[in-house]
Amino acid sequence: MHRNGPIALLFHTLVVGFVLAPLVVICLVAFTPANTLTLPTTHVSLRWFAAVFDHPDFVASFFNSLWVAATAATIAVVLAVAAGLALDRYDFRGRAALNALFLSPLMIPHLVLGVALLRLFALIGATGSLVWLTAGHIVVVTPYVLRLVLAALSGLDRSAEQAAVTLGASGWIVFRRITVPMILPGITGGWLLAFINSFDELTMSIFITSPATVTLPVRMYMYATESIDPMMAAVSALMIAVTAAAMLLLDRIFGLDKILVGQG
Amino acid sequence: MNSARASTTPWLLAAPGALLFTALVLVPLGLTLILSFHVYDAASGVKDETTLAHYIATLSDGYFLNIFWRTLRLAALTTLICALIGAPEAYILSRMREPWRSIFLLAIIGPLLVSVVVRAFGWSMLLGPTGLVNEAFRAFGPGTVKILYTETAIVIALVHVMLPFMVIPVWTSLQKLDPMVEAAAWTLGASRFTALRRVVLPQVTMGILSGSLVVFGLSASAFAIPALLGGRRLKMAATLVYDEYMHELNWPLGAAIAILVLIINLVIMLAYQRVVEARARRTLG
């Protein structure tokens with residue numbers, strides 16, 4: 001291996017500093033005892049974290065986000081595994097079109113999906129319920145799961161499945177006892193990636209949430225456009241903590257570099 | 001792949017997803033396209049008559065053209081800066097030893113998973129009049145500089161959000177490059193710069209190109225960054241669509257702009273696929 005020179009390392013330090021700066025600042029400001037956005041100098045305080053829990057709308061939005069993300073990720077996994085099996089195992093007319101349809105949300109800006117769903121929901125009167133918001137999120141996160149499931153399926157050694165069939169196992173038993181355990185890293189990795197993407201989604205959600213279904217990123221956006229106080233930093237720090245926890249879990253299960261690099 | 005089995009099975013497996021995607025992607029897009037041709041009247045709302053007025057207005061009115069121009073300009077600038085930072089950074093990362101390589105790769109691409117609202121908020125704290133950047137400016141030089149609510153703030157935050165999308169494809173293409181090839185170039189008398197330019201760069205061109213298209217597409221349709229760091233006056237395409245829908249309530253006009261954003265994105269994606277295919281043919285042939 002060739003070593004990086006001092007200029008390269010300096011460049012690297014600056015880039016890492018640039019990437020981490022806003023996140024670090026948020027996490028520090030969240031602990032400020034002051035009323036304004038300042039770095040804590042003399043002592044730290046948890047008052048702004050306590051303030052978050054005094055805002056029922058933030059707490060409600062957090063649970064909205066949690067529910068939407070968990071439900072959307074779960075349904076996306078079911079859809080993606082079924083679709084993944086069809087796309088990986090069979091050659092049929094319309095296969096390429098189906099593949100393109102399932103991956104299309106990656107190519108359509110969330111802004112456009114948001115206004116399109118707003119129009120549909122307005123026409124059929126589908127507003128004010130988390131169900132419709134979740135349906136929108138399923139569409140956005142399914143492609144991520146599908147990619148991981150397809151990658152897992154294509155790397156699968158099928159001799160175990162064939163052995164089970166030879167031994168008289170039915171199709172369902174083979175799927176449940178052989179196929180699912182073998183692609184489990186892809187499924188759990190896909191679920192977590194879908195969860196994170198749904199939990200963080202803003203641009204589409206901002207068009208299709210109603211006052212009762214506001215998710216946390218939308219609530220934060222609305223709050224940030226009106227007032228800026230250290231509570232915003234506390235909420236952001238909590239978001240970073242949730243994301244970091246999910247990220248570590250992802251890293252353990254699948255290898256984060258594999259998931260994210262595969263995603264590009 | 002076995003094509004021998006009954007051809008209904010794959011359709012049954014894919015049907016739930018296909019129906020959902022048809023209902024929630026294709027149908028809404030069709031409805032939006034139709035909506036963009038409808039007449040809008042401030043007093044009575046959307047009318048049943050059709051018109052091209054919204055497209056003509058968006059493509060001829062100076063106010064809209066100005067916003068489109070800003071969107072394309074800032075997206076292009078973001079793409080350029082991401083390429084200038086992201087490609088060398090990916091190269092430096094690829095030359096690191098474990099465990100530093102994995103740690104820093106995670107540090108660079110991990111923020112991808114943090115909500116864009118959070119990152120935008122972080123930058124608004126850093127760049128604001130009392131933020132750290134201005135503290136530094138006051139201490140070491142030019143005094144307070146207005147950065148927040150300028151195009152500079154938008155570009156800085158966009159680069160921050162988009163950088164992983166550049167690092168990832170360049171990193172991927174570097175993984176395919178055998179480091180011994182570069183070493184061979186040195187042994188044969190090439191300078192470090194020549195080896196970089198003639199051996200490494202051609203290998204990562206596709207990575208840079210692919211990253212650039214993703215970064216450009218995402219920047220041109222970015223919403224949270226221009227909304228939170230550009231303020232009310234510095235609009236980009238996405239914030240314009242949001243205003244037309246939520247404040248002006250002129251949905252047909254908003255729909256027309258959204259359709260234009262979609263078309264620009266699809267053209268970029270198709271152009272990208274053409275380039276990839278053409279290149280693949282050249283390498284094979």
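Which residues of the largest nonpolar core touch the most other members?

## Basis of the model

This is a predicted model, in which local features need pLDDT of at least 70 and side-chain atom pairs count only at pLDDT 80 or more, while totals for chains, interfaces and linings use all residues. Residues are numbered from 1 along each chain as its sequence is written, and chains are lettered from A and ligands numbered from 1 in the order in which they are written.

## Nonpolar core

The residues with the most contacts to other members are A:A76, A:V145, B:A224 and B:I225, in a core of 171 residues. A nonpolar core is here a set of buried Ala, Val, Leu, Ile, Met, Phe, Trp, Tyr and Cys residues joined through C-beta atoms within 7 Å. A residue is buried if 20 or more other C-beta atoms lie within 10 Å of its own, exposed if 12 or fewer, and partly exposed in between, with C-beta atoms placed from the backbone.

Leaving aside residues up to four places away in sequence, A:V145 touches A:A76, A:V77, A:A80, A:G190, A:W191 and A:A194. Contact means that the C-beta atoms of two residues, placed from the backbone, lie within 7 Å.

## The two chains

Chain A has 12 helices and zero strands. Helices (H or I, at least four residues) and strands (E, at least two) are DSSP runs, numbered from the N terminus. The C-alpha trace of chain A spans about 70 × 60 × 30 Å along its principal axes, and 47% of its 264 residues are buried. Of the contacts in chain A between residues at least 6 apart in sequence, 77% join residues at least 24 apart.

Chain B has 12 helices and two strands, in the order α-β-β-α-α-α-α-α-α-α-α-α-α-α from the N terminus. Its radius of gyration is 24 Å, well over the 19 Å that the globule rule gives for 285 residues, so chain B is more spread out than a compact globule. The radius is taken over C-alpha atoms, and the rule is 2.2 Å times the number of residues to the power 0.38. Of the residues of chain B, 44% count as buried.

## Interface

In chain B, 75 residues are in contact with 69 residues of chain A. Helix α1(B) gives the most to this side of chain B, with 17 residues. The side divides into 55 nonpolar, 15 polar and five charged residues. Ala, Val, Leu, Ile, Met, Phe, Trp, Tyr, Cys and Pro count as nonpolar, Asp, Glu, Lys and Arg as charged, and the others, Gly among them, as polar.

Helix α1 (residues 6-29) of chain A packs with α3(B) at an angle of about 120°, their axes 10 Å apart. Axes are lines fitted to C-alpha atoms, for helices over the stretch in contact, and angles run from 0 to 180 degrees between N-to-C directions. A:A8, A:F11, A:H12 and A:V15 of α1(A) meet B:I85, B:P88, B:E89 and B:I92 of α3(B).

## Local backbone features

The peptide bond from B:E98 to B:P99 is cis, with omega near 0°. B:P99 sits in the loop between α3 and α4 of chain B.

Phi is positive in B:Y149, near 65°, and in B:L249, near 60°. B:Y149 lies in the loop between α6 (132-140) and α7 of chain B, and B:L249 in the loop between α11 and α12 of chain B. B:Y149 counts as partly exposed because it has 18 C-beta neighbours inside 10 Å; B:L249, with 14 such neighbours, also counts as partly exposed.
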